[in-house]
Amino acid sequence: MRDSKIIAASRQSISSAARLIGDGKLVAFPTETVYGLGADATNDKAVAEIFAAKERPSFNPLIVHFADSSSAEKAARFNARARELAAAFWPGALSMVLERLEGCAISLLVSAGLDTVALRVPNHPVALALLAEAPCPIAAPSANRSGAVSPTTAVHVEEALGSAVAAIVDGGPCRVGIESTVVDLSGESPLLLRPGGITEEEIEAVIGPLAKNIESKGGVKSPGMLERHYAPATPLRINAAQAREGEARLSFGPDAPHDALNLSPTGDLKEAAANLFAMIRQLDDPKYNAIAVMEIPNRGLGRAINDRLTRAAAKCDNGEM
Ligand code: TXA
Ligand code: MG
């Protein structure tokens with residue numbers, strides 16, 4: 001058996017992880033949303049390694065993580081809305097797409113040919129300590145193979161990418177459990193590209209209405225929105241009232257049968273988001289014909305949960321991420 005790459009988070013292990021990143025290696029690390037597969041965002045070769053490890057289509061751009069907003073401002077053109085959102089939600093589960101600053105140090109490969117870059121300051125003590133020590137901003141997609149379920153524990157990362165990374169810093173299970181909300185602020189009106197850990201309502205309370213038109217004239221605006229994504233090997237059936245013979249049931253709320261896994265027995269959408277990916281993995285077993293997921297209310301974080309479930313259930317085999 002291969003040795004484990006998992007190292008418990010400590011001052012020492014975070015320092016060595018920061019050195020590995022500086023040396024161009026891949027290091028997986030915890031954030032409040034999901035685990036990231038990190039590399040030096042200014043190093044083309046290291047960024048290319050991310051795409052190779054994930055088997056990710058190179059047209060899908062990456063989020064760059066920073067220790068604070070002032071470091072992020074060195075990479076992209078912040079407008080008034082971006083500053084307001086950074087003040088309200090950073091550190092936190094919001095990624096902002098902004099115009100790249102000319103001559104900025106971020107690898108062009110990170111942007112995958114777009115003239116924009118996605119930026120985030122994560123709200124996790126281990127991620128922030130790593131970002132403070134690393135000599136560079138860190139490009140990090142979710143640490144799963146393309147198309148598969150995002151990881152919310154270090155063990156999930158090891159199972160999928162253990163052979164590709166130099167280290168996996170273990171900071172325990174992710175608190176939010178669903179990826180960041182992606183908002184494009186590079187155009188005239190702000191555009192929601194991906195629902196996530198910060199709700200539309202919270203964002204709209206700060207900057208007003210968000211457009212939700214995912215398609216753009218120039219082709220795929222946010223390639224992460226390709227239809228099939230977050231998919232387990234076992235087919236997923238959504239808005240299921242009952243589990244059929246041979247199906248596993250994934251429930252939500254107090255009225256569900258007690259023999260099934262429940263995303264949140266009290267009906268709390270935050271708890272459901274935090275449990276979503278780990279429970280889908282638990283039920284992703286060839287002994288089941290399908291995973292039948294009960295209806296989740298489509299409000300607040302429920303929208304991000306339903307977005308992931310719809311994509312995981314989509315019946316098409318192109319657009320693998
Ligand atoms: O919570 C998260 O956001 C996690 C943690 C690790 O920070 N990261 C994550 O990254 O989910 P990833 O690569 O799995 O998803 C990034 C999303 C994709 O949908 C991608 O298409 C979009 O952000 N994106 C990145 N850069 C973009 C850009 N310049 N323009 C439009 N969309 C962009
Ligand atoms: Mg992902």
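How many disulfides does the structure hold? The structure, which is a predicted model, holds zero disulfides.

## Cysteines

A disulfide is a covalent bond between the sulfur atoms of two cysteines. Cys 104 takes part in no disulfide. The nearest cysteine sulfur to that of Cys 104 belongs to Cys 136 and lies 14 Å away. Because the sulfur of Cys 136 is 14 Å from that closest partner, the two are too far apart for a bond. For a pair of cysteine sulfur atoms to count as a disulfide, they must be within 2.5 Å.

Are these cysteines buried or exposed? Cys 104 is buried, with a relative accessible area of 13%. Cys 136 is buried as well, with a relative accessible area of 9%. The cut-off for buried is under 20% relative accessible area.

## Aromatic rings

The structure holds one aromatic pair. Its members are Phe 78 and Trp 90. The ring centres are 6.2 Å apart and the planes make an angle of 70°. The pair is edge-to-face, since planes over 60 degrees apart count as such.

## Where the pair sits

Which parts of the chain does the pair link? Phe 78 is in the loop between helix H3 (69–72) and helix H4 (80–89). Trp 90 is in the loop between H4 and strand E5 (94–99). The two residues are 12 residues apart, and the pair links distant parts of the chain.

Methods:
Residues are numbered from 1 along each chain as its sequence is written. Chains are lettered from A and ligands numbered from 1 in the order in which they are written. This is a predicted model: local features need pLDDT of at least 70, side-chain atom pairs count only at pLDDT 80 or more; totals for chains, interfaces and linings use all residues. Side-chain values use heavy atoms; hydrogens and water are left out. Buried means under 20% relative accessible area, exposed over 50%, partly exposed in between (1.4 Å probe, protein chains only). Rings of Phe, Tyr and Trp (its six-membered ring) pair if their centres lie within 6.5 Å; planes under 30 degrees apart count as stacked, over 60 as edge-to-face and the rest as tilted. Helices (H or I, at least four residues) and strands (E, at least two) are DSSP runs, numbered from the N terminus.
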